[in-house]
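Here are my notes on the model, point by point. Have it open while you read.

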Amino acid sequence: MKKIGVLTGGADCPGLNSVIRAVVRKAMQEGYVVTGIKNGWMGLVQSDMRILDLRITSGIIDRGGTILGTSRLIPPLEEDQMKTIYENFKRSGMDAVIAIGGEDTLKIALDLHKQFSFPVVGVPKSIDNALSGTDYAFGFDTAVNIATECIDRLHTTAESHHRIIVIEVMGRYTGWIALEAGLAGGADIILIPEYPIDIDQVSKTLRSRHSRGKSFSIIVVSEGARIEGHTNAELGGTRRISNIGELLASLIEENTGYETRVSVLGHIQRGGTPTAFDRILGTRFGVRAVEMITEGQFGKMTSLKDNRVRFVDIEQAVRKHKEINPDLYEIAQVFGA
Ligand code: F6P
């Protein structure tokens, strides 16, 4: 009988609990025992774990966040932390670990696998959809739906007040949320990290809308976007990576004279009930991850390709950020005038 561990690391997101639930269900079917490792890799640094059973994991598929807790550990870890993780893993009697997380959590999994042949299987989570090697990570669909609803709500108030509203969404390195939520919410301008913002072009587009009788506009911007001629360091922002929304709004007001407001959606995008898509994807990934342990597919991660669950090397997922879909970007340009 195998003993397997499961952990959730890095930023939380809706859908994590559906993976945990699926891992426990599938593991029970295989006759395995599942240990829940608390707060990501930190739980193995501190040996903080508990057995998971059907009772603990029932009724959680619709719950946001993670019943295991999470923490942010940034790779590469110190040598002694790596050793502690490995020693505590050995001492626990576990045969393998399922690491559910984004770039940082999976990079640590890969480092452990390389250094100690650590038997780990990854499950990709990212509201930003920033991981390569999979068409979608779970969490993204929920974030897009939340952001879309917010855009809809901000639309009506922008229209009533004849204002520009800048909506800042998450997405440090990639513009997936801005692009998809912007398209779904009918944004007039979508600005993403992949293309530096030309502020004169933005002002021109807004003026042209006004001249057509549209006295309001909706701009969706990713938190990681950059304005040409400005560095992100000068944007300020302590807890957040930058204040791009604020800077954009002040430059727009300066250039056009149009009254402008900013809404930063922030962690709202990561909270609450997962969509059906994310629940199902999390469930599919959880079941497959247990099968991968049975098959000995370590150092690999579950992945969705053409709506089929497969697996890829974790290395492939963390090597570079997932590029946005160029077709969607092209389509967005049709509406940006
Ligand atoms: O990596 C996911 C993410 O939600 C990013 O989009 C965002 O920049 C970051 O996490 C926020 O991190 P924290 O919750 O630590 O402030």
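1. Is Met94 buried or exposed? Met94 counts as buried because its relative accessibility is 6% (buried is under 20% relative accessible area, exposed over 50%, partly exposed in between, with a 1.4 Å probe and protein chains only). Met94 sits in the loop that runs between helix H3 (79-92) and strand S4 (96-101); helices (H or I, at least four residues) and strands (E, at least two) are DSSP runs numbered from the N terminus. From Met94 to Leu154, 60 residues along the chain, the C-alpha atoms are 50 Å apart.

2. A word on ground rules. This is a predicted model, with local features needing pLDDT of at least 70 and side-chain atom pairs pLDDT 80 or more, while totals for chains, interfaces and linings use all residues. Residues are numbered from 1 along each chain as its sequence is written, and side-chain values use heavy atoms, leaving out hydrogens and water.

3. Now the largest pocket, with about 680 Å³ of space. On a 1 Å grid over the protein atoms alone, a pocket is an open set of points with protein on both sides within 12 Å along at least five of seven lines, a cavity is a set where a 1.4 Å probe fits but cannot get out, and lining residues have an atom within 4 Å of a point. Volumes are the space filled by probe spheres set on the points, which are joined across faces, edges and corners. The pocket's lining has 31 residues, and Ala11, Arg72, Asp128, Arg172 and Arg270 lie nearest its centre. By type, the lining splits into 11 nonpolar, 8 polar and 12 charged (nonpolar: Ala, Val, Leu, Ile, Met, Phe, Trp, Tyr, Cys and Pro; charged: Asp, Glu, Lys and Arg; polar: the others, Gly among them). Helix H4 (103-116) and strand S6 (164-169) each give at least two lining residues, and H4 has the largest share, 3 residues.

4. Last, have a look at Gly271, in the loop between strand S9 (260-264) and helix H9 (276-295). Gly271 counts as partly exposed because its relative accessible area is 31%. The C-alpha atoms of Gly271 and Pro14 are 6.4 Å apart, although 257 residues separate them along the chain.
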